[in-house]
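Dear colleague,

I am passing on to you the structure we talked about, together with some notes on what turned up when it was examined. Please keep the structure open beside the text as you read.

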Amino acid sequence: MAPAIENWAGGAGHCCRLLIGMQSTPSEEVRRALLLRPPPTGMDNQTAVRAKYQLAEEFRQQLTCGIPTAEDEATLRQLARQLHAKQLIVKLHVRYPLHAKLYLVHRQDANNPITGFVGSSNLTLAGLSQQGELNLDVLEHDACHKLAAWFEARWQERWCFDISQDLAALIDESWAAERLLPPYHLYLRLAWYLSEDARIGLLESQIPPIFNQVLFDFQAAAVKIAARKLNQRGGVFIGDVVGLGKSLMATALAKVFEEDHGTETLIICPKNLVSMWEDYAHRYQLRGHRVLSLSRVLTELPDKTPRYRVLLIDEAHNLRNKDGKRWRVIREYIHRNDSKVILLSATPYNKTYRDLAAQLALFIKEDTDLGIRPERFVRSCGGSAKFTARYQYSPYLLAAFEKSEEPDDWRELIRLYMVRRTRSFIMQHYAHTDERGRYLRFPDGSHSYFPQRIPKNVLFVIQDEHSLDPYARLYAPNVVTTIEALRLPRYGLGQYLQNRSELTPSAEHEQMMKDLSRAGKRLMGFCRTNLFKRLESAGPAFLLSIERHLIRNFCVLYALEEGLEIPIGTQDAALLDAQDDDIEASTAEIEIEDGAEDSAMNVALAELLPTAAALRSRAKTVYHTYRRTYYQRFRWLPKKLFTQQLADDLAFDAQQLLEVLAHCQAWDAQQDSKLAELERLICEQHAHEKVLVFTQFADTAIYLATELERRGVQQLAYATGNSADPTELARRFSPASNGQHGKIKPAQEVRILIATDVLSEGQNLQDCAIIVNYDLPWAIIRLIQRAGRVDRIGQRSAQILCYSFVPADGIERILGLRRRVQQRLQQNAEVIGSDERFFDDDPQQQSEQQWRDLYTERSGILDEAENEGDAVDLASYAYQIWKNATDADPSLIATIEKMPQVVYSTKAQQVTMNAPAGVIVYTRTPQGNDGLAWIDEYGKAVTNSQFAILKAAACQANTPAVPAIAQHHVLVRTGIEQIIQE
């Protein structure tokens, strides 16, 4: 009818009049029939207004049904225009139910001025075209006039309301409105939906009073958001970067559950953090708590630990190996006691996303429906049905995500469980600014500034032509070539097994042989890399490693020559999970004898190198020590199971390593130019300041401490993973930041602390503002993390000086060495078909450029390297968008929250290959999950990353709206269909 109505001018006598009667629902009729007293007759204003509101709400809901089309939009806009122009006038009759269906047509026709239609057809799509209705046309003049009089009487009734403008207003407020909605409002609406966890969490939980004067705003927000996730999903991952106070936040979260739910907390942490957690638990009055060292879980957790309803695991990345006994014991405890789990780690995954899956699997049961699935991977399998047919389980399980290598899939999973913010995120959204810089304000009004990280180089000279320079001998081409050529048979014993068909091994030996075969060559690359890392670190660490390697080779050779059982050490992927690069501190076979660390160091510093005979003799002693004292630490296999090639390759490597020792000669610390530069730095350049020296290896830390003390350096200590009480050393080194100011005597205070990377996990070291990287990790992120050890809340210095030792002739010497190692590993991987990764760096060119930037001391190279949108959890990121906007303009709260359920806007786009033109679609699924799609103008999905989509929607308050593209509604349908399919 719209085209006919369009011809009318509008107003009385020139319009279409539509009278709508209210109809009772069946449930209303039942209630009315069963009332104990008759319902009141007649009509009142309140009832009339309620009826009018009910109709408006029904129409509003109708406008949100289905997927909009261009035709729908054109029709609704035409309807709104006709209502505004009074070409169509709509009234609502509410005095009593009006069930009649009457259509009257007035014409300029003397013979038939009025035609009526009476019957069962409602003015609906179904009533006019789809159902078997019956209607009668009325042509007789008197009858038509009576019908017109009947209509006019009801049209003029008191309880008949004109709702034309109400309907027009509803259309004008809907997605079909003529006006262009500001794209900024759509951006905020999207952030509003995606920040639901954060918004509701901030309202649901209260911070315990004992923390009111302790937590910063960003920490309190994290605690509340984490509390909601913990309540909803049974586990939460607090993954803020180093230095933002994860331990304090986790303690506050445990206290929230203690006060709200009466829970008690079991804290599991590395042994070097036990005293720190005991201090936190007592300081903040955690009732009934227990702190358990990770090293004691195997003996304490299964039978000796009662039920704790909250389990807090610090440095949870230590549990990323599902094959580990500790992982299994902790998981069994959690499931047996239905414990809620708080995981803490700044580095939740190291090499693969499966690291993260293993930690989540501690509390997510195998059959738990996550409500989401790895969309990209499922699509690559050909859809859900083909995925299920291939793997025989639902794609909505955690196991399905473990199959995926797609970052977008993992981001979707992580956002459900993780709260993570970066230093730059906190600086941008929570910090204040004064003339000194950016700072956080403590509840007592004092300030904690964000210092600038300043990269600086310490150059040490390598005199290649000088026969006395130990580093020249160390970096000699023949040494590098020898390490590249090592066969490393002890790390690939599965290659040397006899043909099984010729053997009759026991069931126990059969299983051990299978384990060796699975291990294959996986550890060879890691061992070879470790030797090169030690070579870069310090001569003594490298030479010690060579000597230990020789002793172990001779130990196995001795067993083979004497027909004895072969001791089998660590041969599985757990070795690759060691956070400390010090592989020699990570395997069962390293403990050659009691005090091995110190005695071996004395050997390395001796004037004479050990001979092959001396090493063989020592290996014999070690073998029998293994048999007598450490038999249970190893698995043992008889000689007959191995081929002669094993002995040949062990002998080959031993000869090669003896030649390396002979070439390098005994280490002369007096000729160590790198050590001399460290002495100058701490005794002259920073003679009265605290200095924190990092190294990857315990052997290097002991060597430096020993030599510096010999040279008269005082107030010095070293800490490694084997230190008895690293927390005590941290307190002596950084008393103020550990609440020990005035409690540590001056004679006990440490000025120079030499530490491996493992030590500094969770420790407060921010009394110091100078760090020294004595050796360079192979991934620059480790340098950034080291800087974060002192760049923590409470740091008072405006600058953190980050020194790194590099050869005076440039960084290319180190880069060239690393390049050779990587090429060798890639060649091996091609041969064995391995997909193991030994480096966490970015692509090689980008990584090398980062090291060159470090060498040139480029500003900002040690700031957070990760992209903020990829590092911050989605709920926190989206909430901050919402909070910043509504803080600046509080009226936006009502505007955004009252927006219709279906709405759209369009903004201009700077089109690139990764950001094409198209549409972004959001919908909420029946399961309550956020469905997002980005479809390009050809109908193809751009990305599934909700971070990427939210960032693509970003705009400013003054961003103008532009008309939608022609295929807008078609692309929206494509996006909705994709979400439905997923």
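The accessible surface of the protein comes to about 44800 Å², and carbon and sulfur atoms account for 50% of that area. Please bear in mind throughout that this is a predicted model. Of the 982 residues in the protein, 53% are buried, and the chain contains 39 helices and 25 strands. If you look at contacts between residues at least 6 apart in sequence, you will find that 79% of them join residues at least 24 apart.

One place to look at on the surface is a nonpolar patch formed by Met1, Leu123 and Leu128, which together have about 340 Å² of accessible area. Met1 belongs to the segment before helix H1 (2-6), and it counts as exposed because its relative accessibility is 66%, where the cut-off for that word is over 50%.

Salt bridges come next, and a search of the whole structure finds 43 of them. One of these joins Lys229 to Asp197, with the closest N and O atoms 3.2 Å apart. Since Lys229 lies in helix H10 (residues 217-233) and Asp197 in helix H9 (residues 196-204), the pair ties together parts that are 32 residues apart in sequence. Lys229 is buried, with a relative accessible area of 0%, and Asp197 is buried as well, with a value of 12%.

Another salt bridge is the one in which the side chains of Arg376 and Asp408 meet, at 3.6 Å from N to O. This pair links distant parts of the chain, with Arg376 in helix H16 (residues 375-380) and Asp408 in helix H19 (residues 407-417), 32 residues apart. Here Arg376 is partly exposed, with a relative accessible area of 26%, whereas Asp408 counts as buried at 9% relative accessibility.

Arg548 and Asp699 also form a salt bridge, their closest N and O atoms being 2.6 Å apart. Arg548 sits in helix H25 (residues 539-562) and Asp699 in helix H30 (residues 698-710), so that distant parts of the chain, 151 residues apart, are linked by the pair. Both Arg548 and Asp699 are buried. There is also a network in which salt bridges that share partners join Glu196, Glu412, Arg415, Arg924 and Asp930.

Which side chain of opposite charge is nearest to Lys91, a residue that is buried yet has no salt bridge? The nearest one is Asp162, which is 6.2 Å away. Lys91 lies in strand E2 (residues 88-93), and, leaving aside its neighbours within four places in sequence, it is in contact with several residues, among them Leu18, Ile20, Trp155, Phe161 and Asp162.

Finally, please look at the open sheet that six strands form in the order E9-E8-E10-E11-E7-E12, with parallel pairing. Strand E9 (290-293) and strand E12 (418-419) stand at its edges, and because each has a single partner strand, one side of each is left without a neighbour in the sheet. Within this sheet, strand E10 (residues 310-313) pairs with strand E11 (residues 340-344) in the parallel sense over four bridges, and you can find Val310 standing opposite Lys340 in E11.

Definitions and conventions: Residues are numbered from 1 along each chain as its sequence is written. This is a predicted model: local features need pLDDT of at least 70, side-chain atom pairs count only at pLDDT 80 or more; totals for chains, interfaces and linings use all residues. Side-chain values use heavy atoms; hydrogens and water are left out. Patches are made of residues with over 30% relative accessible area and no salt bridge: like charges are joined within 9 Å, nonpolar side chains (Val, Leu, Ile, Met, Phe, Trp, Tyr) within 5 Å. Accessible areas come from the Shrake-Rupley method with a 1.4 Å probe; for residues, only the protein chains shown count as cover. A salt bridge is a side-chain nitrogen of Lys or Arg within 4 Å of a carboxyl oxygen of Asp or Glu. Helices (H or I, at least four residues) and strands (E, at least two) are DSSP runs, numbered from the N terminus. Buried means under 20% relative accessible area, exposed over 50%, partly exposed in between (1.4 Å probe, protein chains only). Lys and Arg count as positive and Asp and Glu as negative; His and the chain ends are not counted. Contact means heavy atoms within 4.5 Å. Two strands pair if DSSP finds at least two bridges between them.
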